[in-house]
Amino acid sequence: MQINGERFLKDLHDLRQIGAAGVGKGVVRPAYSEADVAARRWLAGRMREAGLRVEMDPMGNLFGLAEGKSILIGSHSDSQPEGGWLDGALGVVAALEVARAAAEAGGPAVSVVSFQDEEGRFGVTTGSAVWSGHLSQSDADALTDHRGVALGEARKVLAEDVTGPVDAAQFTGFMELHIEQGPTLDTAGETIGVVSDIVGIRDMNITFAGQQNHAGTTPMHLRKDAFQAVAAFTTELQNRFANVVTPATVWTMGHVTLHPNASSIVPGRAVFSMQWRDGDADRLGRMEAIIRDLAAEIAAARGLEVSFGGMLGLEPVAMDARLRAALEAAAAQVAPDRWRIMPSGALHDATNVSRLMPVAMLFVPSIGGISHAFEEDTAEHDLVAGVDVLARAVAGLHDS
């Protein structure tokens, strides 16, 4: 099996032109957008050219299927609202190149997937969550984005491309190549990271409901200011977490909405997102208890009401030993003394797919540790090295 680095890089650059935006190599390709639909149709064409049978399930997950039993490789091709050219797209185009190289070599059989809505316009890795059975299609259809658009309505743009369900039983395992999205490999001058495990994640909205009032005439001690409750919550939260979290634990309040969101009105309602990640499921549960108790305390002290939205989340996942060993052996061949074993602090489709089959992942460096931004980038020789490791691992699994 010999990959064609030039062919791979050309496809990767061609894909980034679909939804190209902002500075450098920025991409705007949210799930079910015009650019996302165009990208999936372009990918479907490249899959057919590679001799793969193209199928799309009702969620919009796109598959290029080899005949018979095969290993599944891929990632996602949708982007953040302001994303980079590699997040997800690298894994899909790398899978396509490995599938072509395998076919040219007479085997093994390699299938390709681009999962839908990994970036969470409507939820958390929504496409693979539905495919894996973690989330029902009806529950997924009821999810809405920040503008109030329902997923069930949004996915109608792909209706003519849908062929039907894709059976996971035809796949022997799943591997995903991804940029690290952090600084570890780049800082160390290393080329490859073989993933040991993927952290778990919890995500929910919290609402503080107070009293909307005049900003000039309402005394401070009489206010039921919902935003002041948010400020108090985020200030105290770190103190409450102090004896529970580790240096690897992270939490984020990434989206806040105030009502009525006017400069001369005390906000009567604040809705904010609360997300936390860790590799230990028990720790995630203890953090949830702290979050709920603290929010209730702050609401009670300020005369507000607090409510909690539905919990979205995935459990921590360890990579399959056999697939991981194949990646480690390939990494040692391609980048001797320039690879490491490392956890993934970011969530990936492999988490959901692990419900159905063995999974493994590998990383290539992110320059400056930057991702989810137009400036996201990786040196092209590192990109090609990642595909080479992936191809050698697939070949090694076939020969073992």
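In which loop is Gln181 found? Gln181 is placed in the loop between E5 and helix H7 (184–188), where helices (H or I, at least four residues) and strands (E, at least two) are DSSP runs numbered from the N terminus. The structure is a predicted model, in which local features need pLDDT of at least 70 and side-chain atom pairs count only at pLDDT 80 or more, while totals for chains, interfaces and linings use all residues. Residues are numbered from 1 along each chain as its sequence is written, and side-chain values use heavy atoms, with hydrogens and water left out.

Most residues other than glycine have a negative phi, and most peptide bonds are trans. Gln181 has a positive phi, near 70 degrees. A positive phi of about 55 degrees is also found for His372, which is not a glycine. His372 belongs to the loop between strand E17 (359–364) and H12. At 41% relative accessibility, His372 is partly exposed; buried means under 20% relative accessible area, exposed over 50%, and partly exposed in between (1.4 Å probe, protein chains only). A cis peptide bond connects Gly107 and Pro108, with omega about 5 degrees, and Pro108 lies in the loop between helix H3 (89–104) and E4. Another cis peptide bond, with omega about 10 degrees, connects His259 and Pro260. Pro260 is in the loop between strand E10 (256–259) and strand E11 (265–266).

The whole structure contains 10 aromatic pairs. One of them, formed by Phe115 and Phe174, is edge-to-face, at 6.1 Å centre to centre and 70 degrees between the planes. Rings of Phe, Tyr and Trp (its six-membered ring) pair if their centres lie within 6.5 Å; planes under 30 degrees apart count as stacked, over 60 as edge-to-face and the rest as tilted. The pair links distant parts of the chain, 59 residues apart, with Phe115 in strand E4 (residues 110–115) and Phe174 in strand E5 (residues 171–179). Both Phe115 and Phe174 are buried.

Two arginines sit over aromatic rings. The charged end of Arg16 is 5.7 Å from the centre of the Trp85 ring, and Arg292 lies over the face of Phe308 at 4.9 Å from the ring centre. The criterion is NZ of Lys or CZ of Arg within 6 Å of the ring centre and within 35 degrees of the ring normal.

Asp278, in strand E12 (residues 269–278), counts as buried because its relative accessibility is 4%. A polar atom of the Asp278 side chain lies 2.8 Å from the backbone nitrogen of Asp280. The side chains of Asp278 and Arg283 are joined by a polar contact of 2.8 Å; such a contact is a pair of N or O atoms within 3.5 Å, and within protein one must be able to donate a hydrogen and the other to accept it, residues adjacent in sequence counting only if both atoms are side-chain atoms. Leaving aside neighbours within four places in sequence, residues in contact with Asp278 (heavy atoms within 4.5 Å) include Val199, Thr246, Arg283 and Pro316.
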